Amino acid sequence: MSAGGPVVVGLDIGTTATKATAVEVGGRVVASAHAGYPLDEPRPGEAVQSPELIVAAVRRVLEEVVASVGAGRVAGVGVSSAMHSLLAVDAAGRPLTPSITWADERAAEQAERLRVTPQGRALHRRTGTPVHAMSPLVKLLWFREHAPEVMGAACCWMGIKEHVVEALTGERVVDHSIASGMGMLDLGRLAWDAEALGLAGISAAQLPVLVATRAVVGELRGGGAVPVVVGAGDGPLANLGVGAVRPGVAACSIGTSGAVRVAVDRPRVDEDGRLFCYALTEERWLSGGAINNGGVVLRWLGSAFGLGNNPEAALLEVAASVPAGSDGLVMLPQLYGERAPQWSAWARGAYLGLTHRHGRPHLVRAALEGVCLQMAVVLESVRAGGAEVCEVRATGGFARSPLWRQMLTDALGMEVRFPEGVEGSSSGAALLAMVGLGLVDGLDEAGDGVSIAEVLEPDPRAAEVYAELRGVVEEARGVLAGVMARLRRVDRAPAGAAAPGGSRLEALTAEIDLG
């Protein structure tokens with residue numbers, strides 16, 4: 001046995017890469033490995049991947065990390081995955097479709113039709129999943145209308161995580177967390193929702209078996225009897241990775257996209273349908289919202305201004321020359337549609353209040369402020385939905401910029417804590433596996449080991465400006481909804497079509513370098 005105590009390997013199956021992280025019981029990361037794979041856009045609006053490439057990447061990073069720490073130290077493996085993927089398999093478990101990711105927009109029309117109906121609103125309240133093109137339920141509606149031959153041939157419908165777990169252990173299961181993001185799980189009963197299944201045109205027998213997120217579901221094939229804890233979705237596990245699992249503690253992240261999630265002790269969805277609710281365990285849930293437009297907005301600005309590759313540092317320097325509020329200029333940063341709080345793949349962006357006095361620095365700062373204001377709107381939606389938020393912990397690529405860190409703090413109007421050395425969802429997967437394996441007593445103990453590197457307080461004057469602008473942003477979005485609908489009829493580019501300077505998927509998934 002190698003020197004050192006036992007470790008648990010957290011495996012995070014991301015949209016463009018898989019990461020494996022070996023974590024000691026005390027929380028220290030001792031090894032990690034990373035393997036990428038493409039996110040394909042064969043036609044506008046599609047966002048798909050090869051299940052075989054992903055399984056191969058998972059095996060590769062697991063082998064690398066186990067070799068690094070020594071097989072004798074590995075006490076178990078926990079699994080995290082991006083949510084909302086969908087693929088069909090035949091009776092032998094062979095994929096009939098690519099893995100259709102959360103970013104796929106083909107089902108936007110089906111989502112818009114269902115979302116505004118009483119049935120759609122009731123489904124959101126029962127299942128916790130917004131009616132949006134990302135949802136596997138809505139993707140199944142698309143298959144019913146456009147690919148009935150696949151519906152007829154499919155023995156089982158699952159996400160990429162379930163396919164990987166089956167490849168690793170031979171067990172066909174889905175954890176309550178991933179299932180809570182499928183739009184077909186009744187959160188109150190933790191059972192498949194009969195109405196949702198009927199709408200999708202499938203039976204419960206065509207879905208994997210539901211299991212608890214802390215469940216040991218098998219052992220690694222050929223892996224020396226290493227137990228596998230099924231784990232959860234990447235968003236809930238990111239909360240655990242930053243220690244935001246006690247009720248009232250929110251995790252706020254801005255990378256390519258962004259999200260705000262707060263732990264609650266029972267499933268809840270606001271009556272206005274602005275939030276999601278996903279499981280971490282059967283006793284701990286995450287209420288919140290995700291936004292499509294985070295650091296990707298900065299990347300778009302660099303492309304629009306013709307600044308070449310990695311212009312983020314220069315743009316941030318320019319933005320710092322303008323005061324909070326951008327001298328009355330506001331941006332709705334809905335460049336790639338939007339999720340929370342309106343959940344519309346057809347949303348469009350806009351600059352408001354533009355005058356001859358505004359130049360490039362204003363355009364850049366207003367865009368950054370727009371992202372932060374959208375995060376503040378989501379946070380207020382969380383509070384309006386009945387969840388207390390007394391602490392915020394923030395992570396993501398944006399945190400490398402002092403300007404953007406302070407801007408978010410000011411926009412939220414409250415103290416923000418920045419954890420140190422966070423490995424994100426892969427660490428969260430390892431920590432949850434420790435709970436499942438009995439190596440730690442519970443979620444709170446698992447999350448308490450996360451240390452804080454910096455605490456920022458809001459600047460009172462900037463916070464006052466952003467509080468006023470938050471109301472402007474919400475009002476403008478409602479007033480302009482009809483205008484955006486008319487513009488959609490003029491826009492001849494299909495949903496998801498490539499923009500000048502790169503494809504939609506490159507923009508959505510590229511690693512943002514914020515200097």
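**Exercise 1. Find which residue stands opposite Asp-12 in strand 5, then place the strands around it.**

Step 1: Look across from Asp-12 and you land on Ser-80 of strand 5. Helices (H or I, at least four residues) and strands (E, at least two) here are DSSP runs, numbered from the N terminus.

Step 2: Now take the whole strands. Strand 1 (residues 7–13) runs parallel to strand 5, with seven bridges; two strands count as paired if DSSP finds at least two bridges between them.

Step 3: Strand 5 also pairs with strand 14 (residues 227–233), again in the parallel sense, over four bridges. There, Ser-81 has Gly-233 as its bridge partner.

A quick word on the model: it's predicted, so local features need pLDDT of at least 70 and side-chain atom pairs count only at pLDDT 80 or more, while totals for chains, interfaces and linings use all residues. Residues are numbered from 1 along each chain as its sequence is written, and side-chain values use heavy atoms, leaving out hydrogens and water.

**Exercise 2. Work out how covered strand 5 (residues 74–81) is.**

Step 1: Buried means under 20% relative accessible area, exposed over 50%, and partly exposed in between (1.4 Å probe, protein chains only).

Step 2: Seven of the eight residues in strand 5 are buried, making the strand mostly covered.

**Exercise 3. Explain why helix 6 (residues 160–169) is largely enclosed, and see what follows the helix.**

Step 1: Ten of its ten residues are buried, so the rest of the structure largely encloses helix 6.

Step 2: Next comes Gly-170, with a positive phi near 85°.
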